[in-house]
Amino acid sequence: MTTREDRINDQEPTTLRHVRIREIAAHENQTVLLKGWLYNKRSSKKLHFLQVRDGTGIIQAVVSKADLGEEVFAICEELGQESSILVSGKVVADPRSPIGFEIQVSRIEVVQNVEGYPITPKAHGDAFLMDHRHLWLRSRRQHAILRVRHTIIKAIRDYFDERGFVLVDSPIITPAACEGTTTLFETDYFGETAYLTQSGQLYQEAAAMAFGRSYCFGPTFRAEKSKTRRHLNEFWMVEPEVAYMNLEETMELAEDFLCTIVARTLETHREELEGVLERDLTCLNQVNKPFPRVHYDQAIEMIAKIREQKEDAKEKALLELEWGSDFGSPHETELTRQFDRPIIVHRFPAAVKAFYMKKDEDSLRHALAMDVLAPEGYGEIIGGGQREDDLAVLEKAISSHGLPRESFEWFLDLRRYGSVPHAGFGLGIERTVAWICGLHHVRETIPFARTLDRLRP
Ligand code: 4AD
Ligand code: MG
């Protein structure tokens with residue numbers, strides 16, 4: 001695409017040092033080379049103000065007709081949004097710049113001049129932006145979100161790595177369900193039916209028996225026909241599992257883990273969160289231990305009370321909930337409103353939980369399950385609990401859930417050979433990013449979302 005005519009200065013390639021915008025402050029008063037794209041442009045008769053982005057930041061580059069001549073000035077006039085350009089110039093301090101510096105351009109080379117970039121600075125609808133996700137990733141806001149996601153993932157890995165957890169990757173293609181048979185993505189495995197994994201947990205149980213503490217971190221899949229702002233069909237989950245751990249201890253782990261991740265993200269990304277995403281940090285600053293523990297039965301009572309106080313019939317109907325049902329998002333939202341930080345609901349009815357959950361010895365209709373609910377309407381971000389470690393009880397659960405026994409023989413071996421109490425949980429990355437960034441919908445928290453109505457791009 002690049003022709004010689006596209007180039008502006010008919011010179012040999014520059015030998016200047018390539019500098020990234022993020023590091024520009026270290027180069028004040030030096031002449032540097034930027035390699036990037038035109039983000040936006042403003043012009044007057046004698047000056048072009050090019051907003052140049054390079055993936056690490058955005059800087060204003062000033063092109064002066066007096067300095068660069070008519071011809072170069074005219075070529076800059078034609079430069080379209082997202083044209084790829086090499087910009088050389090002097091770094092000068094500018095107190096009006098959000099990053100404190102601008103570039104006085106001495107030379108500019110056009111790698112590709114672009115016409116008709118579809119995403120213009122005007123407002124576009126969500127569907128349009130999602131259709132152009134491959135380009136939308138270049139925007140300032142998407143940068144902020146994906147950088148926060150990066151930091152959250154790094155913080156998660158560091159948390160477990162620093163505490164002696166061994167990373168043991170669970171397989172993606174599996175022969176059986178972990179989280180119920182209704183949300184399985186089926187695939188043909190050389191003539192045999194296989195499924196995309198819903199959770200790496202079962203394999204982590206094997207890993208925990210081998211290493212004591214383990215975790216996996218990977219994509220998981222749910223063929224859920226839900227079109228809510230919290231659901232994706234492909235999402236990333238981190239799942240720690242610990243041998244000789246009970247429900248109470250796994251709640252402590254989840255709480256400490258979440259506090260650490262939130263603190264680290266706030267420390268690293270105040271500018272992205274407050275400056276770009278306009279996130280009100282009040283609630284996030286209160287993410288401290290201990291998180292209130294709420295027994296499921298107590299939660300049911302609280303929700304009933306909240307419901308009584310509602311005057312609006314529609315709101316009342318949404319909050320209807322009988323003992324034995326799982327929470328919907330209205331229940332989670334109202335429940336968390338009673339507190340100033342995330343809460344942990346524990347001991348859900350065994351009947352609504354997965355086959356592997358251990359029952360509460362003191363009340364067999366309750367499972368030793370727990371969910372961490374985030375405030376501000378974000379709801380469940382962690383689900384986990386203590387696992388059934390008794391062979392006979394687990395065999396019965398597998399058959400009463402209608403699961404194919406032959407696919408679980410290996411899992412039952414873990415109860416035959418050195419079974420111990422153990423527990424763990426899974427944290428959904430996208431819901432966590434949505435909460436920390438204060439986003440309405442999870443689809444912006446993952447580079448390329450897979451939802452009920454979206455397989456492309
Ligand atoms: O509560 P879930 O289904 O738990 C499990 O899969 C366990 N096997 C985890 C374990 O104990 N190792 O899912 C865990 C978390 C949820 O709390 C939520 O954050 C996220 O995964 N999640 C989803 N995120 C986006 N879209 C969906 N459809 C999700 N389903 C679950
Ligand atoms: Mg759950």
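**View 1. Polar contacts where domain 1 meets domain 2.** In this predicted model, three residue pairs make polar contact across the interface of domain 1 and domain 2, with both partners at pLDDT 80 or more. On the side of domain 1 that touches domain 2, the residues sort into two nonpolar, two polar and three charged. One salt bridge also turns up across this interface.

**View 2. A salt bridge between Arg138 and Glu82.** Here the side chains of Arg138 and Glu82 come together, with 2.9 Å from N to O.

View 3. The domain assignment puts domain 1 at 21–112 and domain 2 at 130–445. Their C-alpha centres sit 46 Å apart, and the contact draws on seven residues from domain 1 and six residues from domain 2. Between them the domains bury about 550 Å², with 41% of that on carbon and sulfur atoms. On the domain 1 side, look for Tyr39, Arg53 and Gly55: these lose the most area to domain 2, together 55% of what that side buries.

View 4. Strand S8 (residues 185–189) runs antiparallel to S9, and five bridges pair them up. Thr187 faces Ala194 in S9 across the pairing.

View 5. Ile173 is the residue opposite Leu196 in S9.

Note on methods
Residues are numbered from 1 along each chain as its sequence is written. Chains are lettered from A and ligands numbered from 1 in the order in which they are written. This is a predicted model: local features need pLDDT of at least 70, side-chain atom pairs count only at pLDDT 80 or more; totals for chains, interfaces and linings use all residues. Side-chain values use heavy atoms; hydrogens and water are left out. Two strands pair if DSSP finds at least two bridges between them. Helices (H or I, at least four residues) and strands (E, at least two) are DSSP runs, numbered from the N terminus. Domain bounds come from an automatic or database domain assignment. Contact means heavy atoms within 4.5 Å. Buried area is the accessible area (1.4 Å probe) that two parts lose on being put together, summed over both. A salt bridge is a side-chain nitrogen of Lys or Arg within 4 Å of a carboxyl oxygen of Asp or Glu. A polar contact is a pair of N or O atoms within 3.5 Å; within protein, one must be able to donate a hydrogen and the other to accept it, and residues adjacent in sequence count only if both atoms are side-chain atoms. Ala, Val, Leu, Ile, Met, Phe, Trp, Tyr, Cys and Pro count as nonpolar, Asp, Glu, Lys and Arg as charged, and the others, Gly among them, as polar.
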